[in-house]
Amino acid sequence: RNPVRLVAAVPAKIKAMMKQPDTTAAPAPDMGRVFESLKGFKSIGYSADYARPVKMKADFYFSKDELAEDLRDIYSCAPKENRSARFIPQDVLVYQWADCYDMNYYWSQFKKELEAAVTEQSPSSTADPLGGMGNLLKIDVEKEILPVLGKEQGWGVADIELEGDFPVPKIFLFIKVTDAGKAAQIMAKLTDEAAILVQTEDYKGMSLKYISTPIGPVVPGYMLIDDYLILSSSRELLRSIADTAAEASPAVSADPVYSNAQFGLTAPNNGVFFVRMSAAVEKLRGAVDWAVRWYGAKAREMQAYRAGSEKRLADLREEVKFLDIELGKLKAELNNLEKQKTEIAGQGGDTLEVQSKISQVRADIALKEKTASMNKEKENELVMVVKEFETDKNIDADILPELVREGVYPILRALASIEYVAARIVFGDGVVESAGFLQAQ
């Protein structure tokens with residue numbers, strides 16, 4: 001087997017752009033930040049072995065001295081053991097872990113972006129754009145929250161429930177904290193300020209905090225395990241994580257693929273990514289099926305609403321025509337009565353009776369004209385509704401299943417043929433090494 005290999009040097013012109021931006025051109029802050037983050041990178045190496053499993057490797061070589069100052073510490077972060085894997089359930093669909101997240105750096109970048117946006121909108125503004133956040137949270141982000149956040153973070157999708165009224169993914173996020181006690185105090189303070197009723201469950205000696213919601217399967221909560229703050233969309237998932245941490249259930253590190261030494265996911269790394277692809281695609285297929293059914297039901301509702309609107313418009317127009325005829329008759333009657341009144345008055349007769357009839361006819365005309373005006377408004381509204389349906393570009397509910405069957409399902413079947421996808425990242429001396437693996441059936 002001869003793996004495919006490629007080594008490419010960063011073009012000198014691009015390197016020059018990183019160092020010497022064109023000052024004559026119009027400023028492009030976003031591109032400037034991109035080039036700033038790339039400054040110091042020299043070349044890229046790539047290799048691939050398309051045997052089973054497929055292995056791909058990409059290396060990004062850089063000069064540490066030429067890196068942007070605030071990025072040097074990040075790329076100098078040494079690989080370490082991933083201890084979070086011990087509480088991740090074995091049957092997780094997607095799992096990602098990374099070290100070396102400098103939250104102070106990302107916070108400073110967030111502030112710069114926000115300040116730039118505010119300055120662009122209001123150049124003369126001197127207000128602190130983040131002042132309102134502190135007042136809202138009743139907590140100082142830089143003094144109280146950031147010092148507690150560590151550099152390890154991760155997330156995952158444990159499952160997608162398909163049995164309810166709609167698909168509900170079971171998602172979790174976690175971050176290593178420097179002080180579990182302070183982290184618990186901050187979470188309690190944040191939920192108290194938000195006036196959220198947080199309930200507590202003592203589960204196998206661990207404290208689970210959760211919030212009941214009207215959406216049955218969605219019960220968000222959080223817990224602390226080994227200085228990791230874990231947040232989840234599911235109370236049930238928190239229990240599963242607790243069971244895994246207590247070694248009552250197997251962890252992802254016990255999975256034969258994840259623990260395979262040739263992939264290096266259990267070795268010291270700066271980041272790992274693991275997807276049980278065939279299982280994840282099966283769940284995704286179920287979500288797509290639900291979406292097609294939901295769209296069809298909504299489309300049928302809209303079709304019924306359209307038919308009803310068109311029927312109401314047709315009935316209303318018939319009513320308008322009938323009303324016009326009635327008004328014509330009343331106006332003709334009024335004209336005759338007024339002639340009678342003139343004749344009677346000319347003969348010196350009593351016009352009281354005919355005047356009473358004239359008043360009644362005028363009242364009837366006024367009432368029908370008011371009704372006609374209201375009908376005209378209703379007609380205009382219904383015309384707009386029907387026109388919206390006529391210009392509606394949504395896919396026909398009868399065609400969508402065929403489009404999904406012919407266009408989406410083949411892609412999902414192809415992806416389902418991949419059993420798993422895995423990747424790892426290691427920061428070395430002047431190089432960022434990334435390796436990816438996938439196993440097809």
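The model is predicted: local features need pLDDT of at least 70, side-chain atom pairs count only at pLDDT 80 or more, and totals for chains, interfaces and linings use all residues. Residues are numbered from 1 along each chain as its sequence is written, and side-chain values use heavy atoms, with hydrogens and water left out.

I begin with the overall picture. The protein has eleven helices and 13 strands; these are DSSP runs, helices being H or I of at least four residues and strands E of at least two, numbered from the N terminus. Of the 441 residues, 33% are buried, where buried means under 20% relative accessible area, exposed over 50%, and partly exposed in between, with a 1.4 Å probe and protein chains only.

The largest nonpolar core contains 31 residues, and Phe 87, Tyr 95, Phe 174 and Ile 230 have the most contacts inside it. Such a core is a set of buried Ala, Val, Leu, Ile, Met, Phe, Trp, Tyr and Cys residues joined through side-chain atoms within 4.5 Å. Helix 8, residues 235-245, gives the most to this core, namely five residues. Another core lies apart from it and has 15 residues, including Val 94 and Met 277. In soluble globular proteins, nonpolar side chains tend to be buried together.

Ile 230 deserves a separate word. Leaving aside residues up to four places away in sequence, its contacts (heavy atoms within 4.5 Å) include Phe 87, Phe 174, Leu 238 and Ile 241.

Phe 41 has Phe 62 in strand 3 as its bridge partner. The loop between these two strands holds Pro 53, and the peptide bond joining Arg 52 to Pro 53 is cis, with omega about -5°.

Which residues have a positive phi although they are not glycine? Lys 204 is one of them, at about 50°, and Asp 226 also has a phi of about 50°. Lys 204 sits in the loop between strand 7 and strand 8 and is exposed, at 52% relative accessibility. Asp 226 lies in the loop between strand 9 and strand 10 and is partly exposed, at 36%.

How values were computed. Two strands pair if DSSP finds at least two bridges between them.
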